[in-house]
Amino acid sequence: MLTMLEEVVLLAVDEQTGNLRSAREFSTAYALVGAVFFDLALARKIDTDTEAIQIIDHSPTGNATLDRILAEMAIRPNLTTVREWIEHIFHLRRDLEGEALAALTAQGILRHEKSKLLWIIDIERFPLVDNVPQQDVRQRLQQAILSDGIPDTRDIMLVSLAEPCGLLGYVLSDAQLETRRQRIQTLCHLETISRKVAAAIAGLDATMRQAMSKVV
């Protein structure tokens, strides 16, 4: 099974060109950190209540990315909220996207291609080798949003990551997104950790955009 981080990055791969796509740069960077926290929560390594996030199991998961973040959390007990942790990991500049792409390539789902633009600029693409995993992610998102039942926890988390990244527009039509906007917001706030991650991403993105506007 793919990690949440791998699923979000895979969803961002254009199935026609192999390019990565996202309409919201800062939100996507924060959401990838959020995906790691979801993975740790699903692995029962961390838990969150209405205020704080805490480690409940220090043993390794066997996934290098998750274990590195878990180890980082263990030595920083002063950071307690989801927002603090997402901001902290973001500023460490971990290449979470690159690690997920490398893992997807190693699993034979993507192929890494590199070329030059004007013989100077490196251009990287990741064409799909096996499109089944991406189709599975897309179908789960469609089912979660277009149905009226309660999805499983993993799919609720997936919606709450894809929405701030602007990736739902690659899964649903504009009309579907418009008519199901309330449903999407409800799903993003259904689970405690999803609610905390969604709020943290929105707040951090707004802060970053405000800072950038002052620079410009």
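**A quick tour of the model**

Let's start inside: Leu110 touches Leu10, Val13, Leu101, Leu104, Thr105, Phe126, Pro127, Leu128 and Val129, leaving out residues up to four places away in sequence. Keep in mind that this is a predicted model.

**The core**

- The largest nonpolar core has 63 residues, and Leu110 is among those with the most contacts inside it, along with Phe37, Ile86 and Leu141.
- Which helix gives the most to this core? That's helix α2 (residues 25–42), with 10 residues.
- Ile86 also turns up in helix α4 (residues 82–91), where the buried residues are Val82, Trp85, Ile86, His88, Ile89 and Phe90.
- Here's a handy bit of background: an α-helix has 3.6 residues a turn, so residues three or four places apart point the same way.

**Helix α6 against helix α7**

- Find helix α6 (residues 132–146) and helix α7 (residues 153–165): their axes come within 10 Å and cross at roughly 95°.
- An angle between 65 and 115 degrees counts as roughly perpendicular, so that is how α6 and α7 sit relative to each other.
- On the α6 side, the contact is made by Val137, Arg140, Leu141, Ala144 and Ile145, while α7 brings Arg154, Asp155, Leu158, Val159 and Ala162.
- Sort the residues of this contact of α6 with α7 by type and you get seven nonpolar, no polar and three charged.

**Helix α1 against helix α5**

- Helix α1 (residues 4–11) packs with helix α5 (residues 96–106) at an angle of about 90°, and their axes are 9 Å apart.
- That angle makes α1 roughly perpendicular to α5.
- From α1, the contact uses Leu5, Glu6, Val9 and Leu10; from α5, it uses Leu96, Glu97, Ala100, Leu101, Ala103 and Leu104.
- The residues of this contact of α1 with α5 divide into eight nonpolar, no polar and two charged.

**The cysteines**

- How many disulfides are there? The count is zero.
- Cys165 is in no disulfide, and the nearest cysteine sulfur, that of Cys188, is 11 Å away; a disulfide would need the two sulfur atoms within 2.5 Å.
- Cys188 is in no disulfide either, with the sulfur of Cys165 as its nearest, 11 Å away.
- Are they buried or exposed? Cys165 is buried, with a relative accessible area of 0%, and Cys188 is buried too, at 3%.

- Ala12 sits in the loop between α1 and α2.
- Its relative accessibility is 10%, so Ala12 counts as buried, the cut-off being under 20%.
- In sequence, Ala12 and Leu167 are 155 residues apart, but in space their C-alpha atoms are 6.7 Å apart.
- Setting aside neighbours within four places in sequence, Ala12 is in contact with Asn19, Leu20, Arg21 and Leu167.

- Most residues other than glycine have a negative phi.
- Arg44 isn't a glycine, yet has a positive phi of about 60°.
- Look for Arg44 in the loop between α2 and β1 (46–48), where its relative accessibility of 64% means that Arg44 counts as exposed.

Notes: Residues numbered from 1 in each chain as written. Predicted model: local features only at pLDDT ≥ 70, side-chain atom pairs only at ≥ 80, totals over all residues. Heavy atoms only, no water. Core = buried A, V, L, I, M, F, W, Y, C linked by side-chain atoms within 4.5 Å. Buried < 20%, exposed > 50% of the residue type's maximum accessible area, 1.4 Å probe, protein only. Helix = DSSP H or I, 4+ residues; strand = E, 2+ residues; numbered from the N terminus. Contact = heavy atoms within 4.5 Å. Axes fitted to C-alpha atoms, helices over the stretch in contact; angles between N-to-C directions. Parallel < 35°, antiparallel > 145°, perpendicular 65-115°, else oblique. Nonpolar A, V, L, I, M, F, W, Y, C, P; charged D, E, K, R; others polar.
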